[in-house]
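Here are my notes from a first pass through the model. Have a look at it, then read on.

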Amino acid sequence: MTVESFLALLGWGTLVGIDLVSLPQMMIARPIVAGTVAGAILGDFETGLKLGVVFELLQYDILPVGAVRYPEYGPATVAAVATAHAAVGALGLGLGAVVGLVTGLVGGITMHLMRRINSRIVNGASVALESGDPQVLLRLHVGGILRDGARAALVTALGLALAWTVPPHIIGVLTPRGEMLLAVAAIAAALAAGAAGTLRLVGRGPNLAWFAAGLGGGIVAATWLR
Amino acid sequence: MAEVTPRFGRALLRLFAVQGSYNYERMLGLGVGCAEEPLLRGLPADGETSPYRAAVARGAHFFNAHPYLAGLAVGAAARAEHDGAPPELIERLRAALCGPLGSIGDRLIWAGWLPLLSGLTLAAISLGAGWTAVVGFLVVYNIGHVALRWWALSEGWKHGVRVASALHHPILQRGAALAGPAMACAVGAALPLTAQYLAAPLGAWARVVLSAAAVAGFLAIRWLPGRLTGLRLALGFAGAALVVGWVWL
């Protein structure tokens, strides 16, 4: 990975991390978008799409309602694509997924910590807020956005550092079958999480029939196109 | 009806950052207050206890709802302030809107519009559409996203304290009713297509292992809801694969 690529991925991962919650929630934080653009930055669309699909399926396991805690898969997908680009083939997909999962886990923890820090800051400024001073309100709000930006940059930097350092330690350690098995594990978990998360959304009501109809159609299309 | 002020656009822009200072103390409160502030500028603002300052302080109180629909509360509360509604009524209005706006928004967007388009995108990529499917997803999703934010703010401003009537608008009611089945069908179709796309480079034995592991993982998540998440399953599978791949294969 060149310095230019690293900086571009860092910038992209930061934007992706901010988009998830803070600004503007236009869904560049969705793994399928984050991964594709990361792939484009590295000149490797196919890897970006593949890992984007894997993490998009994992994202179905998450329903971001209320103050629920969840992993952050946007910057994670950027790190995953960078890792996979460094270690091509089946190992790339599996190793990329592992780096992405760790990055996503850390991202989720940092979001929770940042919300606690925000709570403390807002609590400390409650008297000023109750005075109705718009400058205080604006300063606190912009401070929150800047903190989220710094957090997203740190998480992305961590993911990219892993993408830089992990592949050399793994390449050559696993046999080709072991590399394939790692990719299989990532894909299987993604499919399982995607299916389980979707069924949780669908529930047991009338939508279940629509899900079954879609599933049937998808199986027919997949079989026909094989 | 009060005329829409030029600051309506500024309020809409600020709504895109409504969750910017998300915290466990006031949730979206500060973001809602920031978005509402431009709409309050017509209120008398002389002195420390002016109606403008009191309204700004109220606007930043606790609020929680779906971010795309928060504009409904922003517009309604600002309009109520201009109409001279009692402060207690405005506080009650904000509190009463939290639940419905959260519930409708979650059903319409997080459990409808977003997974529907995501499922269609996954299916399109699996069928060979490539990055154009991703561009299509972004464009179509955000047409709905921006339109909903604008609609929510303008409806809130239009109705003021009678904003509850906007919650019965066909956009929300029929949209949520249609999005559910469409989402279920789209993601249902996407799953096998995606499985085939991801498994394409795998050999026969790997496909067998993949099928068995995916079914086992699915059942495990269903049997241990809340305890076994997709992330934990994936980390567990990856850890097991690394150990097996290193020691045995």
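This is a predicted model: local features need pLDDT of at least 70, side-chain atom pairs count only at pLDDT 80 or more; totals for chains, interfaces and linings use all residues.

**Notes on chain A**

1. α3(A) and α8(A) pack with their axes 7 Å apart, at an angle of about 35°. Axes here are lines fitted to C-alpha atoms, for helices over the stretch in contact, and angles run from 0 to 180 degrees between N-to-C directions. The crossing is left-handed, i.e. the near helix is turned anticlockwise from the far one by less than a right angle.

2. On the α3(A) side, the contact uses A:Val54, A:Leu57 and A:Leu58, and the α8(A) residues include A:Ala186, A:Ile187 and A:Gly194. Contact means C-beta atoms, placed from the backbone, within 7 Å.

3. Residues are numbered from 1 along each chain as its sequence is written, with chains lettered from A and ligands numbered from 1 in the order written.

4. Chain A has 9 helices and 0 strands (DSSP runs numbered from the N terminus: H or I, at least four residues, for helices; E, at least two, for strands). Its C-alpha trace spans about 65 × 50 × 25 Å along the principal axes.

5. Now the partner: 89 residues of chain A are in contact with 82 of chain B. α8(A) gives the most to chain A's side, 23 residues.

Technical notes:
Two residues are in contact if their C-beta atoms, placed from the backbone, lie within 7 Å.
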